[in-house]
Amino acid sequence: QVQLVESGGGLVQAGGSLKLSCAASGGTFTLFAMGWFRQAPGKAREFVAAINWIERTTDYADSVKGRFRISKDNAKNTVYLQMNSLKPEDTAVYYCAAKVDITRSDYDYWGQGTQVTVSS
């Protein structure tokens with residue numbers, strides 16, 4: 001069983017920055033990808049960014065391209081999300097997810113979420 005622990009959320013003014021972290025732990029596993037998703041009140045969960053653990057390729061939602069950057073630390077099994085030029089519409093609970101089963105298209109494990117609030 002893989003555990004994901006997120007940190008780094010908080011309250012920031014519009015135009016500010018935050019960096020989220022998500023560490024994966026628990027037993028023996030191979031990471032194939034990790035991603036960030038977010039869910040705002042009354043809205044469905046949406047994709048934010050993802051990184052392929054082996055190929056190091058990244059993918060971003062159009063709404064965050066050029067403002068957010070996903071990165072990883074292989075030794076720590078940790079993924080980061082650097083969020084710059086934050087906007088009030090970025091306010092949401094941010095979840096990280098991990099894919100350890102390459103045969104499945106969905107992510108296998110999810111974190112508990114961390115709140116990001118951007119004030120105008």
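**View 1. The salt bridge of arginine 38 and glutamate 46.** Arginine 38 has a relative accessibility of 6% and therefore counts as buried (under 20% relative accessible area; exposed is over 50% and partly exposed in between, with a 1.4 Å probe and protein chains only). Its partner in a salt bridge is glutamate 46, with the closest N and O atoms 2.6 Å apart; a salt bridge is a side-chain nitrogen of Lys or Arg within 4 Å of a carboxyl oxygen of Asp or Glu. Glutamate 46, at 35% relative accessibility, is partly exposed. This is a predicted model, in which local features need pLDDT of at least 70, side-chain atom pairs count only at pLDDT 80 or more, and totals for chains, interfaces and linings use all residues. Residues are numbered from 1 along each chain as its sequence is written, and side-chain values use heavy atoms, with hydrogens and water left out.

**View 2. Aspartate 90 and arginine 67.** A salt bridge joins these two side chains at 2.7 Å, N to O. Aspartate 90 lies in the loop between β8 and β9 and arginine 67 in the loop between β6 (58–60) and β7, so the pair ties together parts 23 residues apart in sequence; strands are DSSP runs (E, at least two residues), numbered from the N terminus. Both residues are buried. Arg38, Glu46, Arg67 and Asp90 are linked in a network of salt bridges.

**View 3. Surroundings of tyrosine 94.** Leaving aside residues up to four places away in sequence, tyrosine 94 touches residues including Trp36, Arg38, Leu81 and Met83 (contact means heavy atoms within 4.5 Å).

Key:
Helices (H or I, at least four residues) and strands (E, at least two) are DSSP runs, numbered from the N terminus.
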